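Subject: Handover of a structure and the findings from it

Dear colleague,

Please find the structure below, together with its sequence. The findings follow directly after it.

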Amino acid sequence: MTGWRQWLLARFLAKRQPAASQCRLGNANIYILPTAFGYAFLALVMAIFLLGTNYQNNLVLLLAFFLISLFTTSMYFTHRNLAGLTLHRLALEPQVAGDDLRLDLQADGKGHWGLEFCYGQGPVRKSDVDGLKRLVLLAPPGVRGRHRPGRLTVACRFPLGLFRAWSYPDLDQELLLYPRPEPWQRGLGVDLDKGAVQGQHHGEDDWQGLKSYQPGDPLKRVAWKQLAQGRGMWSKEFARPEQDSRWLRLSEIKGATLEQRLARLAWLVLDSDQRQAQYGLDLGGVKINLGSGHGHCRRCLEALACYGEPA
């Protein structure tokens, strides 16, 4: 029955509150009911009313009517406190699977007090909104890949706690969850400390020797000492080790499960990036050529996050 109720609620909300990058709360998408305290308050009012009627006491009846008016006025102000609030979607940075998700949104409104924001079973964030305000909410962890946190719950019990007004806006948010890196450096067909390939190319790091002077060689490379000794024109030759390069292949990573292999591969990507090495990624159907830098690292992690998902 719980599954059916959730399915019916999701279908109802999909028509009533479709996904959008921003949502303004109003009569069409705000729901309100008394709280447990509100029902107890209403029962007390009914008892006072019956007592006044039984004993024909006008003062007791007056108190009952006053409490009923307070009850209905509280319903109006609770609904009004939520109406007019506008929520905007903000771009979300990739995060790591298994951690609590940090979701950003922007609230815009005037005079909204005691609001409660939460995603699913995540912690409730209480905040007042009077102007433009950025909110950071926590949501339950998700699995690797493209993740949709779902609908946001916005609620309030202001001013007396007799009613609870709430809404379920869907800001159509999506974020990428990288595999959680797992340290591993055994079983790969490359030396992770020295790299797969090393060589030399011309540079200015280490002096290698002398070579015959060629027209166009920079003057700063001319061996002036040898020239002063009458040994002719010579140029100094320098060399430096070539930057490490390595291929990270999923087929060469050992692990009990696919997720563990991807987690180890993610650690190797971050390790290679930290070493400023040239590295490429081979996932079988997906191949990223040798490269380096933050952008290259991000492309590799995105490929790992989306591995196995339909294109």
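For what follows, a residue is called buried under 20% relative accessible area and exposed over 50%, with partly exposed in between. By that cut-off, Asp 128 counts as partly exposed, because its relative accessibility is 38%. Please note that this is a predicted model.

**Asp 128**

Asp 128 has its place in strand 6, which covers residues 125-139. Apart from its neighbours within four places in sequence, Asp 128 is in contact with His 112, Trp 113, Gly 114 and Lys 133. From C-alpha to C-alpha, 9.8 Å separate Asp 128 and Ala 107, and the two are 21 residues apart in sequence.

**The chain as a whole**

The protein chain has 311 residues, of which 38% count as buried. Its secondary structure consists of 6 helices and 15 strands. Among the contacts with a separation of 6 or more, 66% are between residues 24 or more positions apart. The chain exposes about 18,400 Å², and 55% of this area is supplied by carbon and sulfur atoms.

An open sheet is formed by 3 strands in the order 13-14-15, with mixed pairing. Strand 13 (245-249) and strand 15 (287-291) are the edge strands, each of which pairs on one side only. Direction ignored, neighbouring strands of this sheet are turned by 10 degrees against each other on average.

Strand 13 and strand 14 (residues 278-282) run parallel and are joined by 5 bridges. Within this pairing, Arg 246 stands opposite Tyr 279 of strand 14. In general, the strands of a sheet pair through backbone hydrogen bonds, in either a parallel or an antiparallel manner.

Two helices lie across this sheet. Helix 6 (residues 294-305) lies across strand 14 and strand 15, at about 160 degrees to strand 15.

A charge and a ring also meet here: the charged end of Lys 287 sits over the ring of Trp 247, at 5.1 Å from the ring centre.

**Strands 1, 3 and 5**

Strand 3 (residues 86-89) runs antiparallel to strand 1 (residues 22-24), and 3 bridges join the two. In this pairing, Gln 22 stands opposite His 88 of strand 3. Strand 3 also pairs with strand 5 (residues 101-119), in the antiparallel sense and over 4 bridges. There, Thr 86 stands opposite Asp 108 of strand 5.

**Aromatic pairs**

How many aromatic pairs does the structure hold? There are 6 aromatic pairs. One of them is formed by Tyr 31 and Trp 166; this pair is tilted, with 6.1 Å from centre to centre and 45 degrees between the planes. The pair links distant parts of the chain, since Tyr 31 belongs to strand 2 (residues 31-34) and Trp 166 to strand 9 (residues 163-167), 135 residues apart. Tyr 31 is buried, because its relative accessible area is 16%. Trp 166 is likewise buried, at a relative accessible area of 14%.

Why does the pair of Phe 41 and Phe 71 count as stacked? The ring centres of Phe 41 and Phe 71 are 6.1 Å apart and the planes stand at 10 degrees, so the pair is stacked; planes under 30 degrees apart count as such. Phe 41 lies in helix 2 (residues 36-55) and Phe 71 in helix 3 (residues 58-82), so the pair ties together parts that are 30 residues apart in sequence. Both Phe 41 and Phe 71 are buried. Ring pairs also bring in Phe 163, linking Phe 41, Phe 71 and Phe 163 into a cluster.

**Ser 235**

Is Ser 235 buried or exposed? Ser 235 is buried, because its relative accessible area is 1%, which is under the 20% cut-off. The residue lies in strand 12 (residues 234-241). Leaving out residues up to four places away in sequence, Ser 235 touches Gly 209, Leu 210, Lys 211, Tyr 213, Gln 214, Asp 217, Arg 221, Val 222 and Ala 223.

With kind regards

Definitions and conventions:
Residues numbered from 1 in each chain as written. Predicted model: local features only at pLDDT ≥ 70, side-chain atom pairs only at ≥ 80, totals over all residues. Heavy atoms only, no water. Pairing = 2+ DSSP bridges. Axes fitted to C-alpha atoms, helices over the stretch in contact; angles between N-to-C directions. Contact = heavy atoms within 4.5 Å. Buried < 20%, exposed > 50% of the residue type's maximum accessible area, 1.4 Å probe, protein only. Areas by Shrake-Rupley, 256 points an atom, 1.4 Å probe, with all protein chains shown as cover. Phe/Tyr/Trp six-rings, centres within 6.5 Å; stacked < 30°, edge-to-face > 60°. Lys NZ or Arg CZ within 6 Å of the ring centre and 35° of its normal.
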